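Here is a short briefing on one protein model.

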Amino acid sequence: GTQYINLKGNTAQSAKSVQGGDGGFAAFSIINSKVLFTSVYYGNARRSPDEGENYEDVDKFYALKMLNTAGTDPIFTAAFVTPIYHWESINDVYTPDSITFIADKNYIAGETIRGKSKNNRYPIRHILTSNISDGDSIRLQDIAQSKFYLGISGGVWMTREALVFGKRPIWINIAAIEGTVSTMSSCKDGNHLFVGTYSGNVYRISGLKNYADSVYLDAGSSQYALTVTKIANYPNRTITSVSANWYNPDKVVVTLGNFGNQSSYIYYSEDGTDVAPTFVSKQGNLPKIPVYSSLIEMNHSKYVVIGSEYGMFTTENITAPSPTWTEENQGIGGRAPVFMIRQQSNFANPDTGIAIDPDGNYVLSLFPGVTNTGYIYIGTHGRGIFYNSNFFYPAESIRDNTAISNSFMKIFPNPANDYTNVSFSIQSADNVRIIIFDLKGTIVRDIDMGTLNIGQYQERIDCNDLSVGTYIVNIRGNKTNFSSKFIIHK
């Protein structure tokens, strides 16, 4: 079945069974943290508004055109383990959706107002550029967006209403493809969906950020606007994962299954959004065994993590002609198949707003946000589920080509030699630590600054015992989390 681990049990391993049968892919929402999605065999996905206490089966969740005449089972076929994928953003600047804000008093330019998204009434903040009077209305972009995908035999379905309960969601058949979908993934702006199949095909569905109308984008419409491109094919192989870098969808990893004398189990492209991307083998020193899962670390696009029949492996440079792969099974009790890898890559700050309870009443609701950004989770066969919070980099500001300072922090001199200074500002009283990582994710400094009040601070960092290279400085507290890079060049 499907087990839900909410970390509220007697132990961190305590779980609640929320779905029976042969459990498959599952997903959560950050816009509404009580919503979860589960699946069972052959295309049956379900949604719950209350952490698995109640469910909408396919007869209520799917569009009527997706169901048989009895209105119960899907009319399509799908893999036994049917892939589902949930993409979300609390800052989708491309969406055409909007909401109306009606002023309940007089507001002046510069004030912040908060509208309420159609998705769980998530707070939409907006700084006014002009005065508005009591009773006036303005339109705000509804930037809290959700796209839920279902992969079947011959196609992909999508709904943007997976978080809207109390109605049957509108579903769109967005792509016709060859083969049965085995895996799906996307990127931060949600414009591209990468799809793998059991027959060895890899597709890219592009144009999703411009989704505007269900008829306009229906695959059966003459005005079909999306671009569906077969970008790779590996005959007689199963595509086990397709992973794009969160910030750069040109960087794509494809992994393959099947035992036997195969030439390669992993391929990589740096032009994944081109009309005809080029994929090259990155087998390197990997054992020739099935690779089941992959992840391009969101902030460092050369860093790739894979799960294989022999467990986890990583490389610091996937762009090398023959990458060096390092086995990373120390924490999982030795070699065990790793079937899935996920990184928490959504960013949502805690907030409060007005929500609607199950009885239709307006209530004050806390939107808990995300506190585990950057954490990496793996699912093994037989050993359990594991996560790592320190091996990789938790802040959105750390990514390739990122500036080496931000409005809250400056590092100087940079590049550094025997020392550097970290200057930073605290916006509210907090217990603060300065943590410095190398590019392997190893903590090389952990400085407890204690409780700091609002203000500007500076700390001198001794670099004499640090090797030449690039490092990450993370200023971290209960209310503080920002980061930047610096270089040691002796």
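**Strand pair β34 and β35**

Four residues form the link in the hairpin that joins β34 to β35. This is a predicted model.

- Strand β34 covers residues 469–476 and runs antiparallel to β35. Eight bridges join the two strands.
- Strand β35 spans residues 481–488 and is mostly covered. Of its eight residues, six are buried.
- In a regular strand, side chains alternate between the two faces of the sheet.

**Serine 264**

- The loop between β17 (252–256) and β18 (266–269) holds serine 264.
- Is serine 264 buried or exposed? Serine 264 counts as buried, because its relative accessibility is 1% and the cut-off for buried is under 20%.
- Its side chain makes a polar contact with the side chain of serine 281, at 2.7 Å.
- Beyond neighbours within four places in sequence, serine 264 is in contact with Arg237, Ser281, Lys282 and Gln283.

- Phenylalanine 80 sits in the loop between α1 (58–61) and β6 (84–89).
- Its relative accessible area is 38%, so phenylalanine 80 is partly exposed. That class lies between the 20% and 50% cut-offs.
- On the surface, Phe80 belongs to a nonpolar patch with Tyr41, Tyr42, Val81 and Tyr198.
- Together the patch residues have about 460 Å² of accessible area.

Note on methods. Residues are numbered from 1 along each chain as its sequence is written. This is a predicted model: local features need pLDDT of at least 70, side-chain atom pairs count only at pLDDT 80 or more; totals for chains, interfaces and linings use all residues. Side-chain values use heavy atoms; hydrogens and water are left out. Buried means under 20% relative accessible area, exposed over 50%, partly exposed in between (1.4 Å probe, protein chains only). Two strands pair if DSSP finds at least two bridges between them. A polar contact is a pair of N or O atoms within 3.5 Å; within protein, one must be able to donate a hydrogen and the other to accept it, and residues adjacent in sequence count only if both atoms are side-chain atoms. Contact means heavy atoms within 4.5 Å. Patches are made of residues with over 30% relative accessible area and no salt bridge: like charges are joined within 9 Å, nonpolar side chains (Val, Leu, Ile, Met, Phe, Trp, Tyr) within 5 Å. Accessible areas come from the Shrake-Rupley method with a 1.4 Å probe; for residues, only the protein chains shown count as cover. A salt bridge is a side-chain nitrogen of Lys or Arg within 4 Å of a carboxyl oxygen of Asp or Glu.
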